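I opened a new page for this chain. My plan was to start with the overall figures, then go to single residues and their partners.

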Amino acid sequence: MTTRIAPAAMDDVAARAQTLRRDIDEHNHRYHVLDAPSIPDAEYDALLRELEAIEATHPELASADSPTRRVGGKPFGGFAQVRHDTPMLSLANAFSDAEVGQFVRKIRERLELGDDAPLRFSLEPKFDGLAIALRYEHGVFVRGATRGDGETGEDVSANLRTIKAIPLRLRGGDVPALLEVRGEVYMPRAAFEKYNEGARASGGKIKLLVNPRNGAAGSLRQLDPAITASRPLAFFAYAVGVVDGLDGHHALPPRHSQLLAKLRDWGFPVSSLVATASGADGCLDYFRRIGAQREQLPFDIDGVVYKLDDLRLQRELGYVGRTPRWALAHKFPAQERTTTVQDITVNIGRTGAATPVANLSPVFVGGVTVSNATLHNADQVARLDVRVGDTVVVRRAGDVIPEVVAVVLDRRPERTTAWVMPTHCPVCGSAIEREEGGVVARCSGGLACPAQRVRAIFHFASRRAMDIDGLGERLIEGLVEFGFLQSVADLYALNLGDLLEMKRRADERDGTTPETVKDGKIASKWADNLIAAIAASKHTTLERFLYALGIPEVGQATAKALARHFGRLDALLRADATALLEVPDVGPIMAAHIIAFFAEAHNRDAISQLRAAGVTWTQAQPQREPRGALAGQTFVLTGTLSTLARDAAKEKLEALGAKVAGSVSKKTSVVVAGEAAGSKLDKAHELGVEIWDEARLLAVLAEHGLA
């Protein structure tokens with residue numbers, strides 16, 4: 001029999017639950033963020049138990065941001081994929097003072113600043129944990145995801161809720177309607193040691209963790225949130241991703257260091273080691289100071305990060321590829337160990353690169369057990385004279401792939417022989433070739449080589465290539481393993497039955513019950529969506545198609561340049577080195593790669609099959625000289641455009657023949673100034689450069705049908 005509570009009494013229960021949630025959140029903040037607990041653990045536990053009892057009795061009073069949600073829920077079968085609204089990019093690495101100096105000089109050059117102009121950086125430790133993105137809507141935590149490949153991560157929201165350092169509701173009244181905070185989940189050293197002490201005492205019932213970083217990553221990817229809740233995880237915030245609409249009246253601060261302070265105000269833990277400094281000397285002083293403290297810190301770091309402090313200048317500098325021009329990771333010196341080489345094998349990568357790999361007697365270095373280390377290329381093997389049986393020095397710096405850096409010659413066994421790159425691919429038997437003057441040897445099997453197949457198909461389907469949503473690497477591995485995919489062209493022959501049959505076989509192999517047996521309609525929704533995405537990808541552009549093919553050295557920018565220059569694929573297929581060298585940014589090595597790729601019969605066959613399957617694009621005329629109403633003019637975009645994203649504005653200007661540059665100079669024709677335009681606008685006034693506002697830009701675009 002259910003006991004009914006009078007409305008007035010129910011109001012008291014609801015008010016008590018709200019008070020408990022507020023008080024527990026405050027105590028969590030004091031303990032895990034401020035490191036200043038205000039009540040004993042026993043009192044905290046009593047408050048939490050009282051709230052749990054209220055929510056159990058009155059589930060209608062429970063809320064998504066309740067601290068009771070931190071204890072972990074029911075296990076689930078896997079992690080959903082999350083596409084990041086803005087990519088979680090990788091930082092360029094530096095290992096020397098000279099590289100830091102070069103980084104600062106390049107920033108000055110791109111911003112056209114003199115050597116005496118102040119250039120301030122925000123400085124922070126480079127935490128050795130797992131990068132995550134936290135999404136808040138109107139101040140309430142709604143989702144958290146791992147970095148993944150930078151574009152797509154895994155939804156680990158349930159596990160992140162168990163980490164008490166991560167606020168479930170933000171503090172303060174100036175919280176954005178939508179806020180994505182990025183940071184690092186890590187395991188403190190003392191907590192790691194204490195956990196392993198308990199694991200050792202369990203007699204094998206609890207598995208030992210290898211190191212704090214692996215402990216953090218493994219804990220966050222547990223399918224049972226209760227296991228994550230039992231692990232001693234912590235969190236530091238260090239950046240903001242997407243921000244949309246402020247509920248209050250305060251704009252975000254103009255500097256990264258001020259943004260970190262704002263994150264603290266909102267309830268996020270931010271490392272007390274963050275600082276600011278001017279120029280390369282200030283950065284290097286910080287690097288040495290943190291390096292001297294490294295062993296005494298309560299958490300692991302593998303370097304420091306320098307970020308240009310001015311957020312407006314960050315936007316002006318932008319990115320090169322998937323790396324910001326305004327940030328740099330300065331790594332600490334690598335850790336090294338010695339071990340012996342048991343064998344030297346060849347690994348074939350996505351582009352066919354044949355990389356020699358030393359198979360080693362396992363050795364613990366840089367926090368992990370290493371049994372394989374890269375030898376990079378045949379020249380490196382010859383230079384080091386690495387042989388099977390040798391004792392070698394292995395280095396691992398941070399997340400860098402372990403490498404062999406030296407041979408201990410006085411320990412070399414008798415009758416060893418020099419290693420030679422094999423002449424044929426160990427996977428498909430095709431010839432391994434090396435272009436004249438080049439360093440990298442490659443399997444000539446191209447898209448027909450099984451070793452290249454999974455990664456080649458994954459690249460082909462990626463967002464910036466053919467953009468086949470839902471086709472992840474694990475799914476591709478299953479389709480290849482069970483014979484449904486032999487090449488990228490086979491994608492367009494897949495049907496619903498193929499996908500469900502592959503899933504059935506994979507489930508049988510893994511010993512799980514296929515969901516399709518329970519309800520074919522529900523279980524096939526993912527397959528229906530994937531078939532639709534594959535069909536939609538048939539209509540693309542030539543530049544996307546060229547990038548999707550995975551031609552060595554051909555990235556997005558080169559694919560675009562090739563598409564514009566030749567206009568049609570057939571013209572590119574006929575091009576010789578002389579014709580290719582006329583394309584901007586294509587040099588002799590890249591031209592040789594392009595010619596070799598299209599000369600391979602396997603690759604031409606795959607292209608023919610793709611076209612026969614219906615992959616098509618709009619044919620265009622070659623654009624070898626700037627053409628259009630703005631041909632020959634150089635534009636610079638600065639500030640924020642309210643109705644047009646900067647990338648879209650750049651694309652439309654380029655469509656009219658204009659060149660879009662990153663800095664203002666005497667060669668600049670027009671500066672388009674949006675809201676909060678800064679130094680570039682000042683430079684335009686100084687040089688007498690013509691200035692357009694956003695309305696003038698939109699009017700010109702509309703005049704030529706590009707509004």
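Entry: I began in a helix. Arg 504 is partly exposed, at a relative accessible area of 30%. This is a predicted model, so I kept the cut-off in mind: local features need pLDDT of at least 70. I then looked for the partner of Arg 504. Glu 508 forms a salt bridge with Arg 504, and their closest N and O atoms are 2.5 Å apart. Glu 508 is exposed, with a relative accessible area of 51%. It counts as exposed because the class begins over 50%. I placed both residues next. Glu 508 and Arg 504 lie in helix 14, residues 496–510. They are four residues apart, about one turn of the helix.

**Entry: overall figures.** I stepped back to the whole chain. I found 26 helices and 26 strands. Of the 707 residues, 47% are buried. I looked up contacts with a separation of 6 or more: residues 24 or more positions apart account for 67% of them.

**Entry: Asp 390.** Where does Asp 390 lie? I found Asp 390 in the loop between helix 11 (378–384) and strand 17 (391–396). Is Asp 390 buried or exposed? Asp 390 counts as buried, because its relative accessibility is 0%.

I then checked what the side chain of Asp 390 meets. It makes a polar contact with the side chain of Arg 412, at 2.8 Å. A polar atom of the Asp 390 side chain also lies 2.8 Å from the backbone nitrogen of Arg 387. I set aside the neighbours within four places in sequence and listed the remaining contacts of Asp 390. Among them are Thr 339, Thr 340 and Val 341. The list also includes Asp 385, Val 407, Arg 412 and Pro 413.

**Entry: Asp 385 and Arg 387.** Asp 385 had come up as a contact of Asp 390, and Arg 387 through its backbone nitrogen. I checked the two against each other. Asp 385 forms a salt bridge with Arg 387, with the closest N and O atoms 3.0 Å apart. Asp 385 is partly exposed, at 23% relative accessible area. Arg 387 is buried, at 17%. The two fall into separate classes because buried means under 20%.

**Entry: other salt bridges.** How many salt bridges does the structure hold? I noted 33. I looked up a further pair. Glu 690 forms a salt bridge with Arg 696, the closest N and O atoms being 3.6 Å apart. Glu 690 is partly exposed, with a relative accessible area of 40%. Arg 696 is partly exposed, also with 40%. I then turned to a linked group. Asp 310, Arg 312, Glu 316 and Lys 680 are joined in a network of salt bridges.

**Entry: confidence.** The chain averages 84, and 89% of the residues score at least 70. Over residues 71–77 the pLDDT is below 50. That stretch has 19 contacts in the model beyond near neighbours in sequence. I marked residues 246–250 as well, where pLDDT stays under 50. For residues 246–250 the model has 14 contacts beyond four places in sequence.

Definitions and conventions:
Residues are numbered from 1 along each chain as its sequence is written. This is a predicted model: local features need pLDDT of at least 70, side-chain atom pairs count only at pLDDT 80 or more; totals for chains, interfaces and linings use all residues. Side-chain values use heavy atoms; hydrogens and water are left out. Helices (H or I, at least four residues) and strands (E, at least two) are DSSP runs, numbered from the N terminus. Buried means under 20% relative accessible area, exposed over 50%, partly exposed in between (1.4 Å probe, protein chains only). Contact means heavy atoms within 4.5 Å. A polar contact is a pair of N or O atoms within 3.5 Å; within protein, one must be able to donate a hydrogen and the other to accept it, and residues adjacent in sequence count only if both atoms are side-chain atoms. A salt bridge is a side-chain nitrogen of Lys or Arg within 4 Å of a carboxyl oxygen of Asp or Glu. pLDDT is the predictor's confidence in each residue, from 0 to 100.
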